[in-house]
Structure formats: structure tokens, C-alpha cells
Amino acid sequence: MKTKHCWNFNRRINRAPALFPRAILFSLALSFLLSSEPLHAQGLAKVSFPYSPINSSSLPWMIAKDARLFEKHGLDVDLVYFGASSLILQSMLSGSANLAGFAGPAIISNVLKGGDVITVAALTPMTIALMTKPIIEKGEDLKGKKIGISRLGAVPHFAIQLILERYGVKDATILQMGGQPEATAALRRGVIDGAMVSPPHSFLLAKEGFRELVGIEEYNKLGIKFISQGIAARRSFATKNREVVVRMIKATVEAVKLMSAQENVAKKVLAKYTRQTDLELLDRVYRLALETVNKDPTVPREAMTSMARLMGELGLVDPTAVANTPPEAFYDNGYIDEVKQSGFLRELWK
């Protein structure tokens with residue numbers, strides 16, 4: 001399918017004030033260097049953890065951070081929000097991070113190009129929605145329309161490609177907006193006709209009168225199934241630091257348990273990170289998290305197979321490379337198996 005793409009790059013650079021004390025700058029620089037070590041002085045494994053997006057699928061990490069579950073499991077985690085999975089992947093390949101919160105097509109294409117970033121835990125299926133102007137009533141109405149996504153190569157890009165392919169639309173224009181908040185704002189302003197966004201953005205738009213043209217139910221009807229959120233790791237790092245990966249999985253699933261058991265705590269954390277005060281909206285996002293976040297984060301082999309095959313069919317990756325690559329190259333359930341064998345999951349959910 002030939003779809004027009006428009007690029008829009010935005011960079012934000014933070015600079016230290018010129019008069020910033022040299023002693024503090026030295027201290028910060030030293031801390032940064034030490035952060036690459038497996039353990040810091042207090043015995044906690046230092047982990048830089050970029051993630052995206054800020055929504056229900058990332059709620060377990062927000063809870064694990066604020067409820068100090070990471071620390072409970074021996075981790076000092078620095079949660080860093082990135083606008084799209086493609087940017088997270090770049091940070092991992094550059095060596096800035098070894099673990100991250102994302103999943104989907106970026107991992108498939110990375111492995112097929114020789115990269116070593118894989119999925120080690122699966123948290124949620126596809127929850128991103130295609131929100132459109134009210135006048136767009138069916139998939140075929142997307143012909144000639146402008147659709148906003150976060151960035152090319154990210155989950156929203158793959159999702160809209162699949163949607164357009166399923167509806168036989170070949171002349172839509174896909175616009176790179178930078179992030180879901182930007183795509184949401186562009187739809188409100190009428191700059192675009194549709195936007196690929198997750199809750200709470202999709203819920204806000206629906207409340208304002210925009211149409212959810214494709215959501216979870218429609219994905220099932222269209223036969224679109226894959227992992228949209230999970231824990232990614234550099235295979236080279238995970239092999240040498242197995243215990244760190246296992247601890248990250250344990251902290252995450254314990255946060256899922258806390259999320260389901262303590263509604264008020266979960267909503268408070270959700271409000272903090274999404275910066276939302278609308279109680280009805282927060283309740284909807286929380287309910288979606290309960291509905292979609294996996295209690296058992298085992299990576300489904302069939303989901304990885306389906307993702308790779310569909311990407312090949314859409315021309316996003318080399319179909320021959322997909323055919324010659326075993327699904328296990330994209331993920332490793334060995335770390336989750338270790339968590340299960342320890343009895344941790346069984347005790348957690350009994």
C-alpha cells in the first residue's frame with residue numbers, strides 16, 4: 001500500500017544555566033557515569049527506564065515507582081517519558097538504556113536489521129484508538145483524509161497502516177505529529193481528520209464529540225492482534241544481568257496486583273502522571289487498565305508471529321527476512337518462566 005508520509009521533527013534541548021555551580025555539575029556528571037554500573041552504593045540496581053505512552057498500559061510502572069515497589073525488588077528506576085517507541089529504541093541502541101517500556105513493530109524491525117532489543121514481558125494488547133471527526137462514519141470514509149500519529153515506525157503508525165489496509169484505503173496521508181498530545185491537539189484544531197491516540201486522549205476526544213472509528217472491538221473484528229505494551233530489553237544486557245530483568249518483571253506484576261487491589265491508590269497515581277482531574281475520565285482509564293493489563297506477562301508466540309507477518313505484508317519490513325527469522329528471535333520468555341518457577345506469581349495472585 002502506498003501511503004504518503006509527512007515528517008515533522010521537534011527537539012527539546014535542556015541546558016544547564018551558565019552560572020550553575022561547578023561542584024554540582026561535577027556531582028551530576030559523576031552520578032550519570034555511575035548510573036551505567038549494575039549496582040550503586042546503596043545496593044540497588046540502577047535502571048534508566050524510558051517508556052511510552054502515558055496511559056493505562058504504562059500504569060503499572062507509574063505505580064511501581066510511586067509505591068516504591070521497584071526499591072522493594074532492589075531497583076533504583078528512573079522513569080523517563082519518551083514520545084514514541086521509535087525514540088526509545090534509538091536510546092537503547094545508543095546505550096542510554098538497557099530496559100524500557102514499549103513493545104510492537106519497532107522491536108520486530110530492530111531484530112530484522114540486526115539489533116538485539118527484544119520483548120521480555122507482554123503487558124497489553126492493542127488499545128490505541130483511531131479518533132476522527134464526527135462526519136467520518138465508516139472506514140471507507142478515510143479516503144483522502146489526513147491522519148495524525150506520534151512518529152513514523154511507532155505503534156500508532158503500524159496500527160493505522162493495518163486499518164487503512166483492512167478498509168482498502170490507499171490515498172490517506174499519514175502525518176507525524178511528535179506525540180499523542182500533539183496529535184490530539186491537531187485533531188481539535190481541524191488540522192487533521194483523524195488521530196491515533198490512547199486513553200485518556202481518546203476518552204477526552206469522545207467526550208468532546210469526536211468519533212472512535214476503530215477501538216478494541218473493531219481490532220478484534222478486523223483480525224488485528226498484537227502486543228502494544230511490554231518490557232523490552234537488550235538481549236546482550238539481559239543475558240549478563242538476568243537478575244535485574246527478573247526483578248523488573250516482579251516489580252511490574254506486583255504493581256498490577258496493587259492496581260487491581262487498591263483503586264484509590266491507582267487513580268491517584270494515574271491522575272499525577274496524566275495530569276487529569278476529571279474523575280469520570282480517570283475512572284474510565286482505570287477500568288480499561290483492569291480490563292487490558294495482563295496478570296501473567298508471558299509473551300504470546302502467536303502475537304509475535306502475527307506482527308512480523310503483517311509487517312511483511314505491508315512492506316514495512318522485508319518479507320523474506322520475516323520468513324527466515326524464527327519468532328523466538330523477537331522475544332524471550334525465560335525471565336518470566338524464572339519468575340513463575342519461583343512461585344512468585346502464584347503467591348501474588350492466590
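What share of the 350 residues of the protein chain counts as buried? In this predicted model 53% of them do, where buried means under 20% relative accessible area, exposed over 50% and partly exposed in between, with a 1.4 Å probe and protein chains only. Because the model is predicted, local features need pLDDT of at least 70 and side-chain atom pairs count only at pLDDT 80 or more, whereas totals for chains, interfaces and linings use all residues. Residues are numbered from 1 along each chain as its sequence is written, and side-chain values use heavy atoms, with hydrogens and water left out.

View 1. The protein chain holds 17 helices and eleven strands; helices (H or I, at least four residues) and strands (E, at least two) are DSSP runs, numbered from the N terminus.

**View 2. The nonpolar cores.** A nonpolar core is a set of buried Ala, Val, Leu, Ile, Met, Phe, Trp, Tyr and Cys residues joined through side-chain atoms within 4.5 Å. The largest one has 104 residues, and Phe 49, Phe 102 and Met 196 are those with the most contacts inside it. Helix 11 gives the largest share of this core, eleven residues. Apart from it lies another core of twelve residues, among them Leu 175, Ala 183, Leu 187 and Val 197.

**View 3. The surroundings of Phe 102.** With neighbours within four places in sequence left aside, the residues in contact with Phe 102 include Trp 61, Met 92, Val 117 and Ile 231, contact meaning heavy atoms within 4.5 Å.

**View 4. Helix 6, residues 155–166.** Ten of the twelve residues of helix 6 are buried, so this helix is largely enclosed by the rest of the structure; among the buried ones are Val 155, His 157, Gln 161 and Leu 164. Helix 6 is followed by Gly 168, whose phi is positive, near 70°.

**View 5. Helix 12 against helix 13.** Helix 12 (residues 263–274) and helix 13 (residues 279–292) pack at an angle of about 110°, with their axes 10 Å apart. The contact between them involves residues including Ala 266 and Leu 270 of helix 12, and Leu 282 and Tyr 286 of helix 13.

**View 6. Helix 16, residues 334–341.** Gly 334, Tyr 335, Ile 336 and Val 339 of helix 16 are buried, and what covers the buried residues includes strand 5 (117–125), helix 10 (235–240), helix 11 (242–261) and helix 17 (344–349). After helix 16 comes Gly 343, with a positive phi near 85°.

Definitions and conventions
Axes are lines fitted to C-alpha atoms, for helices over the stretch in contact, and angles run from 0 to 180 degrees between N-to-C directions.
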